[in-house]
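Visitor: Hi, I have a few questions about this protein. Could we go through the fold together?
Guide: Happy to, let's bring it up.

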Amino acid sequence: MPKIYTSAEKKNIRASLLREGGKCLALYGVKKTTVDELVRRAAIPKGTFYLFYPSKEALFFDLLTTFVDEVENDYLQMLQEIDENHIVTSLTGIFYTLLMKFYNEGLYRFLDGAELELVLRRLPENSMPDLTGRLGSVVHNLFSYFYIDDEEDIKAFDEGYEALIYLLLSADRLKNKEKALRLLVRGLVLQMVE
């Protein structure tokens, strides 16, 4: 008979699975990560995993969805952190933090078409465009706060930022990764605000 978990235990188990899923994603990718590895790291029985997710791919999609939800929810907090006297520095900090969160949680692995395909095979159609649109709206909202509404400039920023995200696939080759990525983000922000 399956164990019955309290709502607090469920919340902790889900958080643990997401945390360990991100670590496994960064280390091994989707294909090489097993449910056995996930439950070992989360210190839960294998049957418990399936109470939360029907597959590891569903866990990885939840990881990506949770990331987008956090970005949307943190939007107002991001705006409060902006120092209007130091717009470039503030926006650089925000976009750099988002980039590194994407990297540290292993989500950059989805940029490999094969990894993403493994996850998308088990998801409802059109799941990804919804997430992409939600992230894009956060970027638009951040820039509109500064009355930057030139759609061509925002599209160019989006594409430049996406190029930085693709750079994450080989970021470990950079000796001074954090400094280099921060400098590149700053360059994109400078192009937008000046």
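Visitor: Which residues does H140 touch, not counting those up to four places away in sequence?
Guide: H140 touches E151, I154 and D158. Please keep in mind that this is a predicted model.

Visitor: How far apart are H140 and D158, in sequence and in space?
Guide: In sequence, H140 and D158 are 18 residues apart. In space the distance is 9.4 Å, taken from C-alpha to C-alpha.

Visitor: And where is H140 found?
Guide: H140 is in helix α8, which covers residues 127-144. With a relative accessible area of 26%, H140 is partly exposed.

Visitor: New topic: salt bridges. How many does the structure hold?
Guide: There are 11 salt bridges in the structure. As background, side chains of opposite charge can pair when their charged atoms come close.

Visitor: What about D36, which side chain does it meet in a salt bridge?
Guide: The partner of D36 is K46, with an N to O distance of 2.9 Å. This pair links distant parts of the chain, with D36 in helix α2 (residues 35-42) and K46 in helix α3 (residues 46-52), 10 residues apart.

Visitor: What does R40 pair with?
Guide: R40 forms a salt bridge with E37, and their closest N and O atoms are 2.8 Å apart. Both residues lie in helix α2, three residues apart, which is about one turn of the helix.

Visitor: How do R40 and E37 sit, buried or exposed?
Guide: R40 counts as exposed, at 56% relative accessibility. E37 is buried, with a relative accessible area of 17%.

Visitor: Which residues are linked with R40 and E37 in a network of salt bridges?
Guide: The network also takes in R19, E20, K23 and R41.

Visitor: Tell me about E20, then. Where is it found?
Guide: E20 belongs to helix α1, residues 7-32. E20 has a relative accessible area of 9%, so it is buried.

Visitor: What is E20 in contact with, leaving aside neighbours within four places in sequence?
Guide: E20 is in contact with L38, R41 and A42. With R41, the side chain of E20 makes a polar contact to the side chain, at 3.3 Å.

Visitor: Back to the pairs: what does E70 form a salt bridge with?
Guide: With K101, where the closest N and O atoms are 2.7 Å apart. That is another link between distant parts of the chain: E70 is in helix α4 (residues 56-73) and K101 in helix α6 (residues 87-104), 31 residues apart. E70 counts as partly exposed at 29% relative accessibility, and so does K101 at 23%.

Visitor: How far apart are the end C-alpha atoms of α6, and what span should its 18 residues have?
Guide: The end C-alpha atoms are 25 Å apart. At 1.5 Å a residue, the 18 residues should span 26 Å, so the two values agree.

Visitor: Which residues of α6 are buried?
Guide: The buried residues are V88, S90, L91, T92, I94, F95, Y96, L98, L99, M100, F102 and Y103.

How values were computed
Residues numbered from 1 in each chain as written. Predicted model: local features only at pLDDT ≥ 70, side-chain atom pairs only at ≥ 80, totals over all residues. Heavy atoms only, no water. Salt bridge = Lys/Arg side-chain N within 4 Å of Asp/Glu carboxyl O. Helix = DSSP H or I, 4+ residues; strand = E, 2+ residues; numbered from the N terminus. Buried < 20%, exposed > 50% of the residue type's maximum accessible area, 1.4 Å probe, protein only. Expected span 1.5 Å × (residues − 1). Contact = heavy atoms within 4.5 Å. Polar contact = N/O pair within 3.5 Å; in protein donor to acceptor, adjacent residues only side chain to side chain.
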